[in-house]
Amino acid sequence: MRHRKNSSKLGRTSAHKRALLSNQVASLILSGQIKTTVQKAKETRRLAEKMVTLAKKGDLHHRRLAISKIKNNSAVKILFGDIAPKLAERKGGYTRILKLGKRIGDNAELAILKWVDEVAPPVEKTPKKKTEKKSAEKETKPAESK
């Protein structure tokens, strides 16, 4: 009987499942959203919301508890420094699952797991600088043709 067993196994051993969820929560914190299957998103949401609750308390003991679960110091630093203060007024429901449809290869239901209030810092993309070689070549070509 499965009385009071609320989480799904996800077809993995318990250690593999813990590692998977830890990595997905760290990715969610660092990038703001992740694309995964619906079942993995539901399990990841449970852990992510528990980590936000720890971060809202904010003392050293709760920081160490979060590091023991997530195992990514930079993600915990962002969680405690950026995400938790923005979600301090909310009482729960920090994440949202948007269903995308079925994956072509194995027909698995896909979903996007993201923060409700776009709280993750945006990833800064460096703009590509235009090279000056093209402009220098244009100036030299008419001079050579004379």
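This is a predicted model: local features need pLDDT of at least 70, side-chain atom pairs count only at pLDDT 80 or more; totals for chains, interfaces and linings use all residues.
Local features were taken only where pLDDT is at least 70 and side-chain atom pairs only at pLDDT 80 or more, whereas totals for chains, interfaces and linings use all residues. Residues are numbered from 1 along each chain as its sequence is written, and side-chain values use heavy atoms, with hydrogens and water left out.

The protein has 5 helices and 3 strands. Helices (H or I, at least four residues) and strands (E, at least two) are DSSP runs, numbered from the N terminus. Along the sequence they follow the pattern α-β-α-α-α-β-β-α. The protein exposes about 10700 Å², an area computed by the Shrake-Rupley method with a 1.4 Å probe, for which only the protein chains shown count as cover for residues. Carbon and sulfur atoms supply 52% of this area. Of the 146 residues, 34% are buried; buried means under 20% relative accessible area, exposed over 50%, and partly exposed in between (1.4 Å probe, protein chains only). Among contacts (heavy atoms within 4.5 Å) between residues at least 6 apart in sequence, 59% join residues at least 24 apart.

A nonpolar core is a set of buried Ala, Val, Leu, Ile, Met, Phe, Trp, Tyr and Cys residues joined through side-chain atoms within 4.5 Å. The largest such core has 29 residues, and those with the most contacts inside it are V25, I29, M51, I70, L79, I83 and W115. Two or more residues each are given to this core by α1, α2, α3, α4 and β3. The largest share, 8 residues, comes from α2. Beyond four places in sequence, M51 touches V25, A66, K69, I70 and L79.

Helix α4 covers residues 73–86. The expected span of a helix is 1.5 Å times one less than its number of residues; for the 14 residues of α4 this gives 20 Å, which agrees with the 20 Å between its end C-alpha atoms. An α-helix has 3.6 residues a turn, so residues three or four places apart point the same way.

Within α4, V76 is buried, with a relative accessible area of 1%. Leaving aside residues up to four places away in sequence, V76 touches R63, A66, I67 and I70. The C-alpha atoms of V76 and M51, 25 residues apart along the chain, are separated by 8.9 Å.
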